[in-house]
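Here's a friendly walk through one structure, meant for someone seeing it for the first time. Have a look at it, then read on.

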Amino acid sequence: MDGPGRDPSTFPPYLYEAYRATVRRSPKQPLIPLPQTLSEITGPGPAMSAALHQTVQGAVSAEDTDLTTNMGTGTEAMGERIIVTGRVLDEHGAPLVGTLVEIWQTNAAGRYRHRVDQHHAPLDPNFLGYGRCLTDTSGVYRFVTIRPGAYPWQNHPNAWRPAHIHFSLFGPSWVSRLVTQMYFPGDPLQPLDPIFNSVPTDAARVRLVAQYAHDVTQEGYALGFRFDIVLRGPRATPFEPFEAAQRATR
Amino acid sequence: MSGRALTPPQTVGPFFHIMLREPMNALATPQTAGTRIRIEGVVYDGDRAVVPDAMIEIWQANAAGRYRHPADLRPAPLDPAFVGFGRCGTDERGFYSFDTIKPGPVPFDAQRVQAPHISMLVFARGLLDHLRTRAYFDDERANADDPVLHLVPQQRRPTLLAKHRPDVGRVVYRFDIVLQGDGETVFFDL
C-alpha cells in the first residue's frame, strides 16, 4: 500500500530556490508516506462532475467552454483565437470520462482579471479568463479561447512568465487531483522561467507544452493546440485490504 | 504497469481566485445530518508570516463515515444533503474557514478503523505541487488507535490535531497550517 508517489523525474521539488517564493513556503521536514486508504481513493471529482452536469442539463454550454465570448458582453475578446483540446487519461492510458477541467489565464495583453495583478497592460472588457468543461466519452475536453500573453513578475530582474494557461482537474480520486500550467510550443521564455524549469527533466517539461495541431485548427477561424493530461490513479494493488474491509462491514 | 507518464504539477499561482467563482466553504446545509462544526485556521510560512494567497481544499466523509464516491460501496448511508468537498482561499490575515459536520470514522483495512479526519490540500504561490495533510480532532479518543497517526513521529502528531475551542459558543476547531519551520505541519506523500 505504501510507496512514494512523487516520482522525482516528474514532480518539481518543493524547494526550488530560483523560484523565490518556494524558499519560505516549502516544507523542510520529509513528507511522510501515506497509504492510500478509502480517504485517498475517493475524492470529490465524481460529485463535482455530477453537479456541473445538472447545472448545464447534460451538455456543456458554450458559456463555459468559449472564453472568447463568456464574459457575456456580446462582444468578442481581443486576441488570437485558439482551440485547446486534448484527452484526460489515467496512467494506463484509459480515458477519464466526465472529468471536470477548469482553466484560467491572462488576456491577450498578459493581464489577469484579478485585483492583485498590477501589470499595466490593458484589461479586456470582453474577456473573463475562466472556463470549465467536462470530458466527453473519449476523455476529450475542448476550449475556444485567445492566446494568453506573457507578463512580467517580481521573481528576479527582467523576469517574464512565458504564456501559459492554468489547468485544474479533480479526476476520480483525491490522489488524482492536479493543478498545472500548459505552455505553448516554441516560446523562448520557457528556458528562462524558474516555474517551468522546476520540473526536473526535459522529458517531463515537454509534457507541459501543448503541440500545434493542424487537424484541430479550424479554417478561417482559430489555431489548434493539443494538450493531453495524465492523472495519477490509485496504486495497482491497493484494493485487497480495502475490499476485505468492505466485506467485513457488510 | 504504467503506460503513460504523468503530467507534472505547477503552482496554482496568485490568481486562482479567477477560478473560485462562488464560495465553497459551507459544506453543511440545514438538512445535513451530524454535529455542526467550523474548522478554521491561519496558514503561515517559514518566517511565521501569514500566507494571504493560499487555497485550501477539504474532502471528508459524512456523519456516518460514508464518502460520496463510487469507490465507497459500504452500506453506511449517504446523506443527500452532504457532498464533503470544500474550497476556500485565505484572506489577507491568512485565515480560512469551513462550516461542515464532524465526519464519522472510516475503515483503514479489514481490522482497523481510522479516527474521524478531514483530508486537506494546500495550494499557493510558491508551492510547486500542492501539499497533502489531514486534520484530526484533538478531543477524539479514536486518535489513539489511528493507523495513520501512528505513522507520524509522536512529537509531530500534534500538528495534525485541530484544537477544540469551547470558548466561542459553538463547535469550532482551530487548525493552523505551518508550511515550514517550528511546528511545521506534517505533510504526506501519497
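## Strands, a loop and a contact

In strand S8 of chain A, A:Ile103 has A:Phe167 as its bridge partner. Before going further, note that this is a predicted model, where local features need pLDDT of at least 70, side-chain atom pairs count only at pLDDT 80 or more, and totals for chains, interfaces and linings use all residues. Residues are numbered from 1 along each chain as its sequence is written, while chains are lettered from A and ligands numbered from 1 in the order in which they are written.

Helices (H or I, at least four residues) and strands (E, at least two) are DSSP runs, numbered from the N terminus. Two strands pair if DSSP finds at least two bridges between them. Here are the pairings to look for:

| Strand | Partner | Sense | Bridges |
|---|---|---|---|
| S3(A), residues 100-104 | S8(A) | antiparallel | four bridges |
| S8(A) | S9(A), residues 178-183 | antiparallel | six bridges |
| S1(A), residues 32-33 | S12(B) | parallel | two bridges |

On the S9(A) side, A:Ser168 sits opposite A:Val179. How many of the six residues of S8(A) are buried? Five are, so S8(A), residues 164-169, is largely enclosed by the rest of the structure. Buried takes 20 or more other C-beta atoms within 10 Å of a residue's own, exposed 12 or fewer, and partly exposed lies in between, with C-beta atoms placed from the backbone.

Now for a loop. A:Ala210 lies between helix H5 (202-206) and strand S10 (211-212) of chain A. A:Ala210 counts as buried because it has 20 C-beta neighbours inside 10 Å. A:Pro185 is 25 residues away along the chain, yet its C-alpha atom is 6.2 Å from that of A:Ala210. Leaving aside neighbours within four places in sequence, A:Ala210 is in contact (C-beta atoms, placed from the backbone, within 7 Å) with residues including A:Val84, A:Tyr183 and A:Phe227.

On to where the chains meet. The contact takes 71 residues from chain A and 63 residues from chain B. On chain B, strands S5 (106-107), S7 (117-124) and S12 (188-189) each supply at least two residues of the side that touches chain A. S7(B) gives the most, with four residues. In the cross-chain pairing, A:Pro33 has B:Asp189 of S12(B) as its bridge partner.

Finally, over residues 31-181, chain B is 0% helix and 36% strand, and the end C-alpha atoms of that stretch are 41 Å apart.

Notes:
Contact = placed C-beta atoms within 7 Å.
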